[in-house]
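Here is a short briefing to read alongside the model. Take a look at the chains first, then follow the topics below.

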Amino acid sequence: MKAHRKQPLYLAFLLHRVSGLALALFLPFHFYVLALSLQGNQKLDSFLHWSQLPLVKFAETGLVFLLAIHLLGGLRLLALENLPWSNAQKNYAAIAVASAFFVALGFLLRAF
Amino acid sequence: MSSSAATSSTGSIAVSVWRGDARHGNFQLFQVPQQPSQTILDVVTWIQRHADPGLSYRFACRVGMCGSCAMMVNGIPRWTCRTHVNKVLRDNRLTIEPLRNMPIIKDLACDMSEFFDKWKQARGQFEGSSTRDQQVAALSPGLPRRRIADAATECINCGICYAACDVVSWNRDYLGPAALNRAWSLQNDERDCAGEQRLRAVAGDAGCHQCHAQQGCATYCPNELNPTASIAGLKRMVSQAWFNKGLACHPGKKCGLGKRHA
C-alpha cells in the first residue's frame, strides 16, 4: 500500500468499498437460492442441507461481518455528510469495525 | 548514481531524488551530510549547491508561510521547509519526489496551474457587493458563520491536500480539497454575495459529492485544516438547496436555486 494511504480513515474507506463489492458479488447467488424455493421443496431442502456444513457456516459468518461492516460504515458516512461535523471519525470507524466483529462472532456462536 | 560530492560516512543520509520531466525520469541517489535541526528543504538545497546545480525545485519563504516547497517525502506529501529530517528518516534513507496529481515540469518542480484553475472553477474569489466608498462591514469574531469560515481560512495553497487525495487521481476533473475548502469558507462569509453561483459550481459532477471522505487531506494538511469537514458542509448546503428549491445544474433545467439556465 502506498505510504500516503496508510492512515485509519483510508482503511475505513477501503473496507467499506471492498465489503460493498463482495456483497454485490454475493447478491446473484442469494437470489439463485431464493429462486430454488420456486422450483419445489426438494431442491431448496437439498441446498439447505449443504448449508449445514461447517465450512459454509464459516463463510456465512464472513458474510455477516461484511454486511454489518458495510451497514455501520454506511451509517457513519451518512452521519458525516448530513449531521454537524464531528472530529471523532476515527473513533466511529473503530466502533463500526468492533461492532461488526462482535455481530459476526455472535452469529458464529449461534451457528454451532 | 552517486554525485561527485558524495560521501559515505556514517554522518550522511542516502537521498533518492526524482530527476526528469513529464515524459520520463528516474531516481538519482545522493549522499547528503546530516546536520542538527536539518529540514528536507535543507537537504534539497544542499544537493543543488554542492552536488548538482541542475536540480530544479521550488521554494520561497522557508518558514511555512508561502506553501511553495511541498514535495512527496517517503511517499507522503509534506511542506519540506518545516519537516525535520530526523522525524521522517527511515533506515537513514529519504525518497523525495514532486507532488502527486500534478504534471512534472522538471525534477521536483510540478505545474500547479490545474490546482489554481480549480480554485477559479469553484468560484474561490471573494465577491462583495459594497464599494470603497461604503464603510467596512463589521463582523464579530463570535458570529457562528464567521467561526466556521475562520476554521477554513488558513490555507497556504501548498497543494499537499491535492496530492494526498486519491479522488483527484481517479477523476482528473475533481475540484479537489483545497478549492472546495476555499468555497466553503466563502459560503460562510457574510459579506460575500456569490453564494448561489458558487453552490452551483461545487454541486456538479466534479464537485463536493465526489469526495469519499478518506481524509488524507485532513491527515496531511500542514496547517491542520480539515477540508473533508468543509466538503461535508458543502454537501449539506447543496442538499438543503435541493430540498428547498430543486437542485438540477443541467443546462435548460432548473438549478439548485430555482433558476433556469441556458
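In chain B, five strands form an open sheet in the order S2-S1-S5-S3-S4, and the pairing is mixed. Strands pair here if DSSP finds at least two bridges between them; helices (H or I, at least four residues) and strands (E, at least two) are DSSP runs numbered from the N terminus. Please keep in mind that this is a predicted model, in which local features need pLDDT of at least 70 and side-chain atom pairs count only at pLDDT 80 or more, while totals for chains, interfaces and linings use all residues. Residues are numbered from 1 along each chain as its sequence is written, and chains are lettered from A and ligands numbered from 1 in the order in which they are written.

- Contact means that the C-beta atoms of two residues, placed from the backbone, lie within 7 Å.
- S1 (residues 12–20) and S5 (residues 93–97) of chain B run parallel and are joined by 4 bridges. Along this pair, B:Ala14 stands opposite B:Arg93, and B:Val15 stands opposite B:Leu94.
- S3 (residues 70–73) of chain B runs antiparallel to S5(B), with 2 bridges between them; B:Val73 has B:Ile96 as its bridge partner.

**Chain B as a whole**

- Chain B holds 10 helices and 7 strands.
- Of its 262 residues, 41% are buried, where buried means that 20 or more other C-beta atoms lie within 10 Å of the residue's own, with C-beta atoms placed from the backbone.
- Among contacts in chain B with a separation of 6 or more, 63% come from residues 24 or more positions apart.

**Two domains in chain B**

- Domain 1 covers 12–110 and domain 2 covers 113–245, with bounds from an automatic or database domain assignment. Their C-alpha centres lie 29 Å apart.
- Where they touch, domain 1 of chain B contributes 15 residues and domain 2 of chain B contributes 14 residues.
- On the domain 1 side, S3 and S4 of chain B each supply at least two residues, and S4(B) gives the most, with 4 residues.

**Where chain A meets chain B**

- Contacts link 13 residues of chain A with 16 residues of chain B.
- Helix H1 (8–36) and helix H3 (54–82) of chain A each supply at least two residues of the chain A side, and H3(A) gives the most, with 4 residues.
- H3(A) has 29 residues and should span 42 Å at 1.5 Å a residue, which agrees with the 42 Å between its end C-alpha atoms; the expected span is 1.5 Å times one less than the number of residues.
- The buried residues of H3(A) include A:Phe65, A:Leu66, A:His70 and A:Arg76. Their cover includes H1 and helix H4 (89–111) of chain A, together with helix H10 (227–245) of chain B.

Technical notes. Buried ≥ 20, exposed ≤ 12 C-beta atoms within 10 Å, placed from the backbone.
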